Amino acid sequence: MMTHTVFPTASVQETKRPDQLMTSPVSDRHTCRNRKSRPALTRLLLTLLVLISVFAMTAQAASMPRKAPAKVTGLKVTNLNQSARLTWKKSSKVSGYEVWIREKGAADFSLLKVTTKNSLKITGLKNQTVYSVKVKAFRKFSAKDIYQGAFSSVKSLKPNVVKIPAVHDLWYKAALKSSVEMEAVNSDKKLRLGAGKEVVLVSTTAGTSMVKYGGKLYYVPRSKLRLTGMKTHQKPYKKDDVTKYVNEKGFYSKTKFMIYVSAYTQHIYLFTGKKGEWKLKFSSRCSTGKFSTQTNYGRTFICGKQMDWYFDGYVCAHYASMVWSGGQAFHTWATGVGWPASHGCIRLPRQYAIYIYNNVPVGTGVYVY
């Protein structure tokens with residue numbers, strides 16, 4: 001049954017000023033008619049807005065199948081300071097989503113929020129407290145005609161102050177494409193920056209980037225950023241930090257050697273041992289690819305060696321240990337290293353390139369980040 005909203009009218013009694021008492025009857029009637037028409041115009045506009053809203057809801061409902069929506073998938077959790085950010089894959093033709101939460105020790109889940117978006121920031125949480133969350137989609141045709149989908153898999157979250165890890169991937173310099181309001185990572189504050197402002201891109205997850213500006217961390221849509229260069233720091237990582245990093249990451253090698261290349265610090269770190277038990281043998285400055293010709297990132301291995309590496313008929317490097325089939329390698333470089341400068345290869349001081357060439361066998365795992 002369709003309901004109609006009735007807008008009550010108010011009775012207006014006019015009191016004329018002394019200077020209005022001598023106005024002509026025609027002018028007076030014209031003035032009153034205009035004043036009385038204003039409430040009627042307002043009622044008409046409000047009625048139209050209600051009808052448009054009802055029509056839009058009806059059209060949306062008509063396009064939705066009368067069955068339960070599919071199970072929500074892709075639920076991801078990002079822990080923040082006294083809060084958390086949830087994202088999940090968008091469902092087709094649904095009215096919205098229900099987000100349910102349970103604190104550790106509670107008997108059951110409770111409804112936290114109903115939203116039409118496929119993301120949600122939960123605030124007011126306790127740091128170092130474990131929570132469980134799940135999400136389901138629904139299709140609503142009326143107050144009593146609702147089809148509920150299955151819950152997503154349950155995810156745990158534990159709010160905490162977000163800190164930049166001691167060892168991390170390469171950062172990038174970036175500029176804002178347009179004005180944007182950035183959301184602080186470790187507080188509820190927001191900051192608006194104009195187009196062209198420079199920030200440092202720290203990481204990106206599900207289309208949302210974490211950037212550094214003024215010494216603080218913020219969230220901004222990745223689509224708002226234009227990369228302008230590489231952000232590097234030539235100081236090497238501490239021995240304990242980098243050793244812990246490669247072992248926790250589960251870096252693997254078929255030989256007793258493993259090499260980690262840090263594009264951020266412009267250093268290589270050579271380890272001996274095995275997965276989970278790597279020990280640092282030495283580190284050295286290096287030069288990875290410049291911004292326009294970056295070294296390939298990810299996991300690879302030493303796949304071949306050449307004492308004199310020829311390119312276009314001339315020797316372009318010595319003691320080359322190939323790490324990518326496309327033509328990138330560790331090799332000697334005589335004019336200095338320590339900053340992004342190559343066409344993709346990893347340039348090394350002569351003694352370290354020779355050591356890898358003579359001692360680190362083909363098949364050794366190499367990680368470039």
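With which residue does Glu103 form a salt bridge?

Mentor: Glu103 forms a salt bridge with Lys126, and their closest N and O atoms are 3.3 Å apart. The term salt bridge means that a side-chain nitrogen of Lys or Arg lies within 4 Å of a carboxyl oxygen of Asp or Glu. Please bear in mind that the model is predicted: local features need pLDDT of at least 70, side-chain atom pairs count only at pLDDT 80 or more, and totals for chains, interfaces and linings use all residues. Residues are numbered from 1 along each chain as its sequence is written, and side-chain values use heavy atoms, leaving out hydrogens and water.

Glu103 belongs to strand β3, whereas Lys126 sits in the loop between β5 (119–123) and β6, so this pair ties together parts that are 23 residues apart in sequence. Strands (E, at least two residues) and helices (H or I, at least four) are DSSP runs, numbered from the N terminus. Glu103 is partly exposed, with a relative accessible area of 30%, and Lys126 is partly exposed too, at 46%. On this scale, buried means under 20% relative accessible area, exposed means over 50%, and partly exposed lies in between (1.4 Å probe, protein chains only).

Salt bridges that share partners also join Arg85, Lys121 and Glu183 into one network. Within it, Arg85 and Glu183 have their closest N and O atoms 2.6 Å apart. Arg85 is part of strand β2 and Glu183 of strand β10 (residues 180–184), so the pair ties together parts that are 98 residues apart in sequence. Both Arg85 and Glu183 are buried.

A further salt bridge brings together the side chains of Lys136 and Glu98 (3.8 Å, N to O). Here too distant parts of the chain are linked, since Lys136 is in strand β6 (residues 131–142) and Glu98 in strand β3 (residues 96–103), 38 residues apart. Both Lys136 and Glu98 are buried. In the whole structure, the search finds five salt bridges. The general idea is that side chains of opposite charge can pair when their charged atoms come close.

Let us now consider the surroundings of the network. Ala84 has its place in strand β2 (residues 83–87) and is buried, with a relative accessible area of 0%. Not counting residues up to four places away in sequence, Ala84 touches Thr78, Leu120, Lys121, Ile122, Leu125 and Leu157; contact means heavy atoms within 4.5 Å. Ala84 and Leu157 are 73 residues apart in sequence, yet 7.4 Å apart in space, C-alpha to C-alpha.

For contrast, a strand elsewhere is worth a glance. From β24 (residues 365–368), Gly365 and Tyr367 point one way and Val366 and Val368 the other way, and all are buried. In a regular strand the side chains alternate between the two faces of the sheet. β24 pairs with strand β16 (residues 257–262) in the parallel sense over four bridges, whereas strand β19 (residues 298–301) and β24 run antiparallel, joined by four bridges. Two strands pair if DSSP finds at least two bridges between them. Tyr367 is the bridge partner of Tyr260, and Val368 is that of Gly298.
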